[in-house]
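This report goes from the overall fold to single residues. Please keep the coordinates open while reading.

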There are 2 protein chains.
Amino acid sequence: MIPTHATVIIEYCPKCGWLLRASWLAQELLTTFADELYGVTLHPSEVAGRFTVTLADEVLWDRKREGRFPEPKELKQLVRDRVASEKSLGHSDRKE
Amino acid sequence: MIPTHATVIIEYCPKCGWLLRASWLAQELLTTFADELYGVTLHPSEVAGRFTVTLADEVLWDRKREGRFPEPKELKQLVRDRVASEKSLGHSDRKE
């Protein structure tokens, strides 16, 4: 079980120019989960091309593994399923 | 001495609508200190009206204490003086 008020870490490659995307996704997560998360850490990576989203040591998204960046909706579902399973995401919820 | 690769925590009042300002300042710090900081954590506060910037347990800025929000230039000087004292901030450097 994920501890309440966990921290999401978005590790991004600064030299690839991905700070703004990382910051955008952080804002999306914090808009939805202000009460459930301790926060989101923006962590510039020393590994070229890295873009990962981690929650309590679990890599929710790895750009190299998935072959693309996450959409906010996907990330919110992944986080919701771990920290607030009852929470509805409204439009962001997957179609049943 | 501040450990290298420390994390700056920006605690902000989400209900006051300060997420975007906090995120903006995080981007400013990470643009300047991508090599010196582990990262910047955006931390929604449970305390109404709170806006603080903390580095290694030292409160660099407290909106209630200073009576206003920090400008990026001030924040960068405060962080630089602790994690990269030799680093020039170019325009952001205070006039000697």
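The model is predicted: local features need pLDDT of at least 70, side-chain atom pairs count only at pLDDT 80 or more, and totals for chains, interfaces and linings use all residues. Residues are numbered from 1 along each chain as its sequence is written, chains are lettered from A and ligands numbered from 1 in the order in which they are written, and side-chain values use heavy atoms, with hydrogens and water left out.

**Fold of chain A**

Chain A contains three helices and four strands, where helices (H or I, at least four residues) and strands (E, at least two) are DSSP runs numbered from the N terminus. Read from the N terminus, the order of elements is β-α-β-β-β-α-α. The radius of gyration of chain A is 13 Å, close to the 12 Å that the globule rule gives for 96 residues, so chain A is as compact as a globular protein of that length. This radius is taken over C-alpha atoms, and the globule rule is 2.2 Å times the number of residues to the power 0.38. The C-alpha trace of chain A spans about 40 × 25 × 20 Å along its principal axes.

Contact means heavy atoms within 4.5 Å. Of the contacts in chain A between residues at least 6 apart in sequence, 61% join residues at least 24 apart.

**Surface and core**

Of the 96 residues in chain A, 50% are buried; buried means under 20% relative accessible area, exposed over 50%, and partly exposed in between (1.4 Å probe, protein chains only). Chain A exposes about 5000 Å², and carbon and sulfur atoms supply 51% of that area. Accessible areas come from the Shrake-Rupley method with a 1.4 Å probe; for residues, only the protein chains shown count as cover.

In soluble globular proteins, nonpolar side chains tend to be buried together. A nonpolar core is a set of buried Ala, Val, Leu, Ile, Met, Phe, Trp, Tyr and Cys residues joined through side-chain atoms within 4.5 Å. The largest one here has 50 residues, and those touching the most other members are Val8(A), Ile10(A), Phe51(A), Val8(B), Ile10(B) and Phe51(B). Beyond its neighbours within four places in sequence, Phe51(B) contacts residues including Ile10(B), Trp18(B), Leu25(B), Trp61(B) and Phe69(B).

**Individual residues**

Gln27(A) sits in helix H1 (residues 19-32) of chain A and, at 18% relative accessibility, counts as buried. Not counting residues up to four places away in sequence, Gln27(A) touches Leu19(B), Leu20(B), Ser23(B) and Gln27(B). Leu55(B) belongs to strand E3 (residues 51-55) of chain B, and its 0% relative accessibility makes Leu55(B) buried. Cys16(A) is in the loop between strand E1 (6-12) and H1 of chain A, partly exposed with a relative accessible area of 32%.

The table gives C-alpha separations for pairs that include these residues.

| Pair | Apart in sequence | C-alpha to C-alpha |
|---|---|---|
| Gln27(A) and Pro72(A) | 45 residues | 9.7 Å |
| Leu55(B) and Val83(B) | 28 residues | 9.5 Å |
| Cys16(A) and Arg50(A) | 34 residues | 9.0 Å |

Ala56(A) is in the loop between strand E3 (51-55) and strand E4 (58-62) of chain A. Ala56(A) has a positive phi of about 50° although it is not a glycine, and its relative accessible area of 36% makes Ala56(A) partly exposed. Asp57(A) is placed in the loop between E3 and E4 of chain A. Its phi is positive, about 70°, and Asp57(A) is not a glycine; at 78% relative accessibility, Asp57(A) counts as exposed.
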